[in-house]
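Colleague: Hi! I'm new to this one. Could you walk me through it?

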Amino acid sequence: MKAAPAPAAARPLAVADVARAGVLRRHGVWLAAAGLLIVLPWVVRTGAAVPIMNQMGIAIVFALSFNMLLGQGGMLSFGHAVYFGLGGFLAAHALNIAGRGGLYLPVPLLPLVGGLGGLAFAALFGTFSTSRAGTVFSMVSLAVAELMAASSLIFDRFFGGEEGITTNRAKAPLLFGLEFTRDRQVYYLIAFWVFVAAVAMYAFSRTPIGRIANAVRDNPERAEFVGYSQRRVRYISFCAAGLFAGVAGGLFALNYEILTAENMGLNASGAVLLMTYIGGIGAFVGPVFGAIIFTFLQSMLSDYTGMWLLYIGILFLATVMWAPVGLAGLMMLHAPAWRGRRLGRLAGPYLVAGGLGLVAAAGVIGLLEMVHTVLIAESSTGLKRLFWTTVNVRTVMPWLVFTALVAAGALGLRWAGPRAATAFAEANRPGPAQP
Amino acid sequence: MEQIVFFSILNGLVFGMLLFMLSSGLTLIFGMMGVLNFAHASFYMVGAYVAYTLGLRIGFWPALVLAPVLVGGLGALVERHGLRRVHRFGHVAELIFTFGVAIVIEEIVQLVWGRPAKSYQVPAALDFPLFHVFGSAFPAYKAFMLVVAVAMFVFIFLILTRTRAGLIIQASLTHPGMVAMLGHNVPRVFMIVFGIGCGLAALAGVIAGPVLGTFPGMAQVLGSVVFVVVVVGGLGSLSGAFVASLLIGVLQTFAVALNASVGNVLMGLGVPAGASAALHDIWKVTVAQVAPIMPYLLLVVVLMVRPAGLFGTRET
């Protein structure tokens, strides 16, 4: 709705007000994010929180750069970790040279080296990778990943063979006397780069080239008729994604001070696809959610079970099948209900469905863990710790209980699912609320 | 020298035919549905494991028949309840779905059978040298692999070209809408083809398990190479897959067998050895080390020169 024009005398003041409100509205989210990044290590104070947050920050930059390809450019890459890894290796070597006094490179600028490395290799490999979109692009990216995996065995001076390249950030020259010896100092450095990279990637998505990348994703032929070479547009997106993947690699190098060929392997490329897709490829913020969830699950679950990747894989498959918009997309679907102030009505049905989903998930997890115990990791006693209790997998009872949980959850969801869907449709209906 | 050449050709043929058993199903599925099944090699792995477990109870030969049937059924289920749902989100979503299936299958294999390799043995009836040439033995089992692969090729070829079902499949490849108009249930044809493709992959797993090893990483080892075969041969082209399989099989086997390094070759050409330290790594690269790279280099070159693949007619 457009406001009626103000009287001439009142206008300058009104314009100034609008401008001020505009600044807050346009940049409020970023300011909040920056504030959150600053206070986070003081709020979350459990033992391993800061290292995990460092890991999350690196994953966020990496996943955002991946989404420049998949979400914004429609290119599904199976080899994005190549640019992450190459950037990281270059950064690690640069840090080693700086440590020997070979060049002046303070630690805070290291991600820049990684970024330039990622950009250089993306510019090289992009020349033949981006000539086609779709399945062929995916296959070429897979081939490049395999090429690099095989090359890492050959060039062991650069990739360090099995033990990788180690480095030491304490030996590099200082910038403004800043030292990076404690986790929290490294956290603020990573947070700074995460913020800068996220702003830059968001800005890129808003530039004309970022917009045309969307057009090429949706209808390459039409973009060509408007006068843009789809190849060229994909190439530029690819280079930009490589640049930020390299920044993430540089962050990895300075955080962990070691890089191995595994960091640029197929599994690393798969992980970034998983986290980005779970978070949602349709929204800019999606990969951020995905990176946080993935890293959290990875570090939490791996303490309890050796099968954490199975659970994440199942979550991923469920996302692909039932919620291809991802977590961020699901949240955005609720925007109309939020604006219509009808979100509260969804709480009841959602809580019921979510509770039943948790019941079913607990049953599935219990059964999988017990199957694993019976087949592989059977201890002499047959005892297994599950959900804060100890069960004996040789007795029938736990099997019955967990099967019952699965059945109850699944049957309940069949009943609660449609109700939640109806409530969602009702809440999203335009117009005034029905009594 | 003759010995190396002879056995390399023979082993290359065996490996190539094995690749073809995998790539034939993959390329058929792609041709019909436009889906590049990332999980194809995972079904190959499941085939090997199922056959190993069945083999302990009922012996190798029944397992050879039963395992592909079971895995084919599993593949059909995945198509019916997973892929078909994702189909409407487009080809990239389907590729992502099959990627997820590959991860879950690999994890489930580790859950059920554990991480260490299984000692899946060559059946006793085939565990003898078939013949001796140039002082080396050629195992009968490899000949058996070759026979199974050739039989499968002939079987697929006859079904596709000589039977009514094959004609419907071929028609669905190019004109799915028209086939549906004629009253055929195209989604069901898709499901059957997907199941058969997975079954063929499992058959390859059953016969390759004892030779290439039965371990949770076996899908990844072969998976990417199979993609290369399918893309180089031309997506959707069965004859292309055949030629590319043999090409890559022989190419890789030869490269592994040769043991010349770049330095040796250059020295043979009269270039002085031991240039500089920077080139040290390149200098000592052997042909055998380059072998794993070869298929991917071939893929990149083919895509640059002839994007549709050797025998392909279309690019996407």
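Colleague: What should I know before reading any numbers?

Modeller: This is a predicted model: local features need pLDDT of at least 70, side-chain atom pairs count only at pLDDT 80 or more, and totals for chains, interfaces and linings use all residues. Residues are numbered from 1 along each chain as its sequence is written, while chains are lettered from A and ligands numbered from 1 in the order in which they are written.

Colleague: How many helices and strands are in chain A?

Modeller: Chain A has 17 helices and four strands. Here helices (H or I, at least four residues) and strands (E, at least two) are DSSP runs, numbered from the N terminus. Along the principal axes, the C-alpha atoms of chain A fill a box of roughly 80 × 65 × 50 Å.

Colleague: And which domains is chain A divided into?

Modeller: Domain 1 covers 43–332 and domain 2 covers 342–427; such bounds come from an automatic or database domain assignment. The C-alpha centres of these domains of chain A are 34 Å apart.

Colleague: Where in chain A is confidence lowest, and where is it highest?

Modeller: The score is pLDDT, the predictor's confidence in each residue, from 0 to 100. Strand S3 (residues 383–386) of chain A is lowest with a mean of 69, and H10(A) is highest at 93. Chain A as a whole averages 83, with 91% of the residues scoring at least 70. Over residues 1–16 of chain A, pLDDT stays under 50, and the model has two contacts beyond four places in sequence for them.

Colleague: Wait, what counts as a contact?

Modeller: Two residues are in contact if their C-beta atoms, placed from the backbone, lie within 7 Å. In chain A, 79% of the contacts between residues at least 6 apart in sequence join residues at least 24 apart.

Colleague: Over to chain B, then. What is it made of?

Modeller: Chain B has 14 helices and two strands. Buried residues make up 45% of its 316 residues, and in chain A they make up 42% of 435. A residue is buried if 20 or more other C-beta atoms lie within 10 Å of its own, exposed if 12 or fewer, and partly exposed in between, with C-beta atoms placed from the backbone.

Colleague: How do the two strands of chain B pair?

Modeller: S1(B), residues 129–133, and S2(B), residues 136–139, run antiparallel over four bridges; DSSP must find at least two bridges between strands for them to pair. B:His132 stands opposite B:Ala137 in S2(B). The strands form a hairpin with two residues between them, and B:Phe134 in the turn has a positive phi of about 50°.

Colleague: How many residues are in contact between the chains?

Modeller: 40 residues of chain B are in contact with 40 residues of chain A. On the chain B side, the largest share, 15 residues, comes from H4(B). By class, that side has 27 nonpolar, nine polar and four charged residues. Ala, Val, Leu, Ile, Met, Phe, Trp, Tyr, Cys and Pro count as nonpolar, Asp, Glu, Lys and Arg as charged, and the others, Gly among them, as polar.

Colleague: What does B:Val228 touch?

Modeller: Leaving out residues up to four places away in sequence, B:Val228 touches A:Ala143, B:Ile248, B:Pro295, B:Tyr296, B:Leu298 and B:Leu299.

Colleague: Last one: why is B:Val250 partly exposed?

Modeller: B:Val250 is partly exposed because 18 other C-beta atoms lie within 10 Å. B:Val250 is in helix H10 (residues 238–257) of chain B. Beyond four places in sequence, B:Val250 is in contact with B:Ile9, B:Gly12 and B:Gly16.
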